[in-house]
Structure formats: C-alpha cells, structure tokens
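Student: I've just opened this one and could use a guide. Can we go through it piece by piece?

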Amino acid sequence: MKKVVWLNPVVKNIYDFAALKEILQNKGFSVVECEKDHVKSVKNAYKNALAQSELIYDSRCPRAVNFIRANFKEQADLISNLNPILIESALELSAKLKEDEWLYVTTPCEDLAELGRGLNLERTTFLTWRSFREQNAINLKMRSIEQSPIPPGFFTNLGVKTISLSSKEKIENALSYKFSELKNYQIIELLYCENGCHNGDGL
C-alpha cells in the first residue's frame with residue numbers, strides 16, 4: 001500500500017518544508033496537495049449562505065463549535081453546517097485515491113482529527129500532527145511561529161459585517177454578555193485557540 005500524506009498549513013510553516021518533505025519521502029510517504037482552492041471555495045460558501053440566514057456562526061474550528069454546543073445550546077442553531085477547509089481538502093484527496101494508496105491527513109488539533117474520523121472515509125486516516133510525528137519518529141527541529149497561517153480575519157474581505165472571536169474567553173464573553181450586539185454582524189468568526197490555528201493540542 002502506497003502511503004500519501006497531506007500536511008496542514010501549520011505544519012508547513014513550523015518546519016523547513018523541503019527538509020520535512022525529504023524525511024517523509026525517506027520514510028515511504030508521498031506528500032500530496034489539493035488541486036482545488038478550498039480557502040476560496042469555503043469563503044464563497046459562507047457568503048452564499050448569507051442568502052438564507054441573517055447571522056452565521058463560523059464552523060471552521062470544531063473545538064469552538066463543540067464549546068458552543070455544550071455551553072450555549074440556545075445559540076447552536078446559528079452554527080454553519082459548512083465543512084472546515086481541512087475537511088474539504090481531505091474529501092477531495094480521499095475521492096482521488098487509487099486502490100493501492102492510503103491517505104494520512106494531519107490535523108493541528110484532536111477535534112479536527114475526530115471530525116475527520118467521523119466521515120469514515122475509505123483508506124483515509126485522520127490524526128494530529130503530534131501523533132503522526134511520534135508514530136513515524138520525525139525529529140526535525142520545529143520553529144516557533146508568531147503569526148498563524150490560519151489567523152483571525154478570514155471573512156474580512158468578503159464585504160460583510162464580521163467580528164472575530166479568537167479565543168475561548170472571547171467566545172464565552174461575547175455569547176454570554178454581548179449576544180444582542182452580535183446580532184449587528186452577519187458572520188461571527190470563531191477560533192478557540194488564541195491568535196488563530198497554531199496553538200492546538202495536535203502540534
């Protein structure tokens with residue numbers, strides 16, 4: 001079985017990518033990329049969804065979604081049913097797999113890995129980068145990145161009224177005390193990890 005691996009954007013940023021690719025190839029993995037621009041298509045899908053709804057909660061971060069469903073049940077129906085970009089990427093790659101290929105999708109957190117596993121895609125394994133790194137003994141030095149490759153502000157150039165809640169505390173405060181203010185916006189961006197998607201438990 002040929003092993004192919006998709007590296008999430010955070011992983012690509014915390015290593016020397018060429019060096020990482022070489023290590024993976026030496027361990028029998030081929031690195032795969034998507035043909036479709038899922039960042040653009042997901043962004044457009046949110047804009048289109050506003051035709052059916054005046055207010056949408058961002059569903060790209062499953063940890064934020066799970067937090068709202070557990071703690072703010074009365075607002076859970078505002079959460080979009082659109083897939084995160086990582087899931088859309090995995091669906092594309094999994095659909096293209098040849099019969100002798102197995103896809104590994106690396107995620108920045110356990111919540112995204114769990115969401116992926118729930119799809120039950122054939123010959124596709126979702127696991128955190130941390131798990132993948134440990135299983136395959138990848139010891140390449142990581143660099144600390146200040147700026148997330150998935151920072152707050154995903155919806156700012158859509159031409160809609162948006163606000164970014166980019167930490168558990170900000171989500172909790174806004175949904176608890178300022179819910180009436182949120183109704184002034186069209187899309188509420190939700191990121192559980194502070195400053196965007198590079199502080200997850202899967203890195």
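What follows is a chat about the sheet, the helices and a few single residues.

Student: Before we start, what kind of model is this, and which pLDDT do local features need?
Tutor: This is a predicted model, where side-chain atom pairs count only at pLDDT 80 or more, totals for chains, interfaces and linings use all residues, and local features need pLDDT of at least 70. Residues are numbered from 1 along each chain as its sequence is written, and side-chain values use heavy atoms, with hydrogens and water left out.

Student: In what order do the four strands of the open sheet come?
Tutor: Helices (H or I, at least four residues) and strands (E, at least two) are DSSP runs, numbered from the N terminus. Two strands pair if DSSP finds at least two bridges between them. The pairing here is parallel, and the order reads β2-β1-β4-β5.

Student: Why is one side of β2 and of β5 left without a neighbour in the sheet?
Tutor: Look at the edges, where you'll find β2 (29-31) and β5 (124-128). One side of each is left without a neighbour because each has a single partner strand.

Student: By how many degrees are neighbouring strands of this sheet turned against each other on average?
Tutor: Axes are lines fitted to C-alpha atoms, for helices over the stretch in contact, and angles run from 0 to 180 degrees between N-to-C directions. For this average, though, direction is ignored. Neighbouring strands come out turned by 30°.

Student: Which residue in β2 does Val-5 stand opposite?
Tutor: Strand β1 covers residues 2-6 and pairs with β2 in the parallel sense over three bridges. Opposite Val-5 stands Val-31.

Student: And which residue in β4 is the bridge partner of Trp-6?
Tutor: β1 and β4 pair in the parallel sense too, over five bridges. Lys-3 stands opposite Trp-102 in β4. For Trp-6, the bridge partner is Val-105.

Student: How many residues of β4 are buried?
Tutor: Buried means under 20% relative accessible area, exposed means over 50%, and partly exposed is in between (1.4 Å probe, protein chains only). β4 is largely enclosed by the rest of the structure, because its buried residues number six of the seven.

Student: Which residue in β5 does Tyr-104 stand opposite?
Tutor: β4 and β5 run parallel, joined by five bridges. Opposite Tyr-104 you'll find Thr-125.

Student: Which helix lies across β4 and β5?
Tutor: β4 spans 101-107, and the helix in question covers residues 110-117. Its direction is at about 165° to β5, and its name is α6.

Student: At what angle do α4 and α6 pack?
Tutor: Helix α4 covers residues 62-71, and the two axes are 8 Å apart. Contact means heavy atoms within 4.5 Å, and here Pro-62, Arg-63 and Asn-66 in α4 meet Asp-111, Leu-112 and Leu-115 in α6. The packing angle is about 85°.

Student: Which residues of α5 are buried?
Tutor: Helix α5 runs over residues 85-95. What covers its buried residues includes β1, α3 (38-49), β4, α6 and β5. The buried ones are Leu-86, Ile-87, Ser-89, Ala-90, Glu-92, Leu-93 and Ser-94.

Student: With which side chain does the side chain of Glu-189 make a polar contact?
Tutor: Glu-189 sits in strand β7, residues 187-190, and counts as buried at 2% relative accessibility. A polar contact is a pair of N or O atoms within 3.5 Å; within protein, one must be able to donate a hydrogen and the other to accept it, and residues adjacent in sequence count only if both atoms are side-chain atoms. At 2.7 Å, the partner is the side chain of Arg-60.

Student: Last one: is Leu-182 buried or exposed?
Tutor: Leu-182 is in helix α9, residues 179-182. Not counting residues up to four places away in sequence, Leu-182 touches Leu-55, Tyr-57, Ile-163, Ala-174, Leu-175 and Ile-188. At 3% relative accessibility, Leu-182 counts as buried.
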